[in-house]
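The following exercises are to be worked through with the sequence and the model at hand.

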Amino acid sequence: MRALLVTPPKAGVRLGETAEPAPGRDEVKVRVTECGLCGTDRDIVAGKYGTPPEGRTDLVLGHENLGKVIEVGAEARGFHVGDDVVATVRRGCGVCRFCRTQRSDFCETGFFTERGIKGRDGYLSEYYVERPEYLVRVPRPHRLSAVLLEPLSVVEKAVTQGTRVLDRMEIAPGKAPNRPRKALVAGTGAIGMLAALVLASEEFEVTAVDRHGDKTPAATRLSTIGAHHFNVSAGLSVLGEQRFDLVFDATGSAVLDFDLTSRLGTNGVLVVTGIPYGGGPMLSVPGGEILRRLVLQNQAIVGSVNANRRYFEAGLRHLTDFRRRWGTVAEQLISHRRPWTDYGSVLLGARPEGIKTVLTIGN
Ligand SMILES: [Zn+2]
Ligand SMILES: [Zn+2]
């Protein structure tokens with residue numbers, strides 16, 4: 001079968017041939033219909049990371065996936081031919097207490113694998129096989145947005161982490177808070193936009209910031225969901241005196257992350273999902289001031305990565321709520337759908353403008 005192959009740590013990507021997998025008795029075979037692309041894929045293509053499966057030099061790229069079940073092994077339960085499915089990405093180490101209880105996103109050993117990223121083939125191929133426990137069935141109405149479910153799962157976990165921290169104030173159960181909770185989202189790529197949607201759906205008053213004006217597709221979608229938008233290319237001061245209960249970073253900028261701590265309200269939490277480059281120059285930040293505020297105002301900074309299956313399921317519930325509230329806004333985040341044979345211009349050329357690029361497979 002055809003597949004998009006990378007050979008890390010060599011840069012580059014090619015459409016090549018690889019063995020078509022046959023499902024075991026407890027596995028399901030899926031024909032891939034589309035895959036979303038993100039910064040992780042671009043980094044792998046650039047040779048920055050990515051690990052082939054053991055004993056191989058190449059790796060099938062792709063982790064944001066959607067496909068259709070075409071074959072069900074005799075002992076594979078819960079799926080039928082024709083089901084639309086999304087597969088999770090991480091596979092546990094099999095040893096630690098989290099991986100042994102379906103929470104490999106909290107793996108303690110680091111010996112997990114990830115499809116399309118670390119030690120396991122991804123989904124940018126005509127077919128893949130997988131065990132049912134790693135598959136999530138997509139209801140029909142979400143078919144056009146379901147390729148966003150993997151990045152949405154990452155957001156679901158991160159927002160859950162943040163709200164758990166906020167819950168530590170133990171507001172009396174059943175008592176409505178006396179004002180809406182305020183959230184600030186930094187970055188309006190797919191992760192930032194999905195975070196804005198989830199937080200708005202959870203009744204946060206949402207403000208999102210990026211380095212663009214009000215005419216972009218992201219700004220337009222933000223106004224659709226009733227979120228505020230600010231261009232912070234000249235700094236966070238455009239936000240005036242505003243502070244926030246939950247600040248969600250989706251930029252990967254360490255400088256901005258430290259700056260964002262100044263926007264935390266009393267008892268606030270900064271959730272960091274963007275991955276800063278670790279080898280950059282030393283930063284000069286007011287460390288004493290940041291930690292002083294952290295203590296005196298009960299603030300927290302929490303990092304969040306990956307997501308387990310229950311966050312994919314939470315994502316499906318939110319897709320239903322997004323549709324109820326705002327119509328097709330989720331599928332509008334997919335700005336480009338291109339045939340996967342165009343992989344060269346999409347993955348090797350300049351990054352396309354817009355929120356999410358999706359490669360369609362099977363032509
Ligand atoms: Zn991704
Ligand atoms: Zn583990």
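**Exercise 1.** Determine which residues coordinate the zinc ion (ligand 1) and how the donor residues are spaced in sequence.

*Solution.* The structure is a predicted model. Step 1: the donor residues of this zinc ion (ligand 1) show the spacing C-x24-H-E in sequence. Step 2: the residues behind this pattern are Cys 38, His 63 and Glu 64, which coordinate through SG, NE2 and OE respectively, at 2.1 to 2.2 Å. Step 3: buried means under 20% relative accessible area. His 63 has a relative accessible area of 4% and is therefore buried. Glu 64 is at 2% relative accessibility, so Glu 64 counts as buried as well.

**Exercise 2.** Identify the protein donors of the zinc ion (ligand 2) and state why their arrangement is given its name.

*Solution.* Step 1: the protein donors are the SG atoms of Cys 93, Cys 96, Cys 99 and Cys 107, at 2.3 to 2.4 Å from the zinc ion (ligand 2). Step 2: along the chain these donors follow the spacing C-x2-C-x2-C-x7-C. Step 3: four donors count as tetrahedral if all angles lie between 85 and 135 degrees. The angles subtended by the four donor atoms are 102 to 119 degrees, and the arrangement is therefore tetrahedral. Step 4: Cys 96 and Cys 99 are both buried.

**Exercise 3.** Describe the aromatic pair formed by Phe 98 and Phe 106, and classify each residue as buried, partly exposed or exposed.

*Solution.* Step 1: three aromatic pairs are found in a search of the whole structure. One of them joins Phe 98 and Phe 106, with 6.1 Å from centre to centre and 50 degrees between the planes; this pair is tilted. Step 2: Phe 98 is at 18% relative accessibility and so counts as buried. Phe 106 is at 36% and therefore counts as partly exposed.

**Exercise 4.** Locate the largest cavity by its lining and state how much space it holds.

*Solution.* Step 1: the whole structure contains one cavity of 30 Å³ or more. The largest cavity holds about 40 Å³ of space. Step 2: its lining consists of His 142, Ser 145, Leu 319, Phe 322, Arg 323, Gly 327, Ala 330 and Glu 331. Step 3: helix H7 (309-326) and helix H8 (329-332) are the elements that give two or more residues to this lining. H7 contributes the most, with three residues. Step 4: sorted by class, the lining has three nonpolar, three polar and two charged residues.

Terms used: Residues numbered from 1 in each chain as written. Chains lettered and ligands numbered in written order. Predicted model: local features only at pLDDT ≥ 70, side-chain atom pairs only at ≥ 80, totals over all residues. Heavy atoms only, no water. Donors = N, O, S within 2.8 Å, 3.2 Å for Na, K, Ca; no water. Tetrahedral: all angles 85-135°; square planar, octahedral: opposite > 155°, others 65-115°. Buried < 20%, exposed > 50% of the residue type's maximum accessible area, 1.4 Å probe, protein only. 1 Å grid on protein atoms, 1.4 Å probe; cavity = no way out; pocket = protein on both sides within 12 Å on 5 of 7 lines; lining within 4 Å. Points joined across faces, edges and corners; volume = space filled by probe spheres on them. Helix = DSSP H or I, 4+ residues; strand = E, 2+ residues; numbered from the N terminus. Nonpolar A, V, L, I, M, F, W, Y, C, P; charged D, E, K, R; others polar. Phe/Tyr/Trp six-rings, centres within 6.5 Å; stacked < 30°, edge-to-face > 60°.
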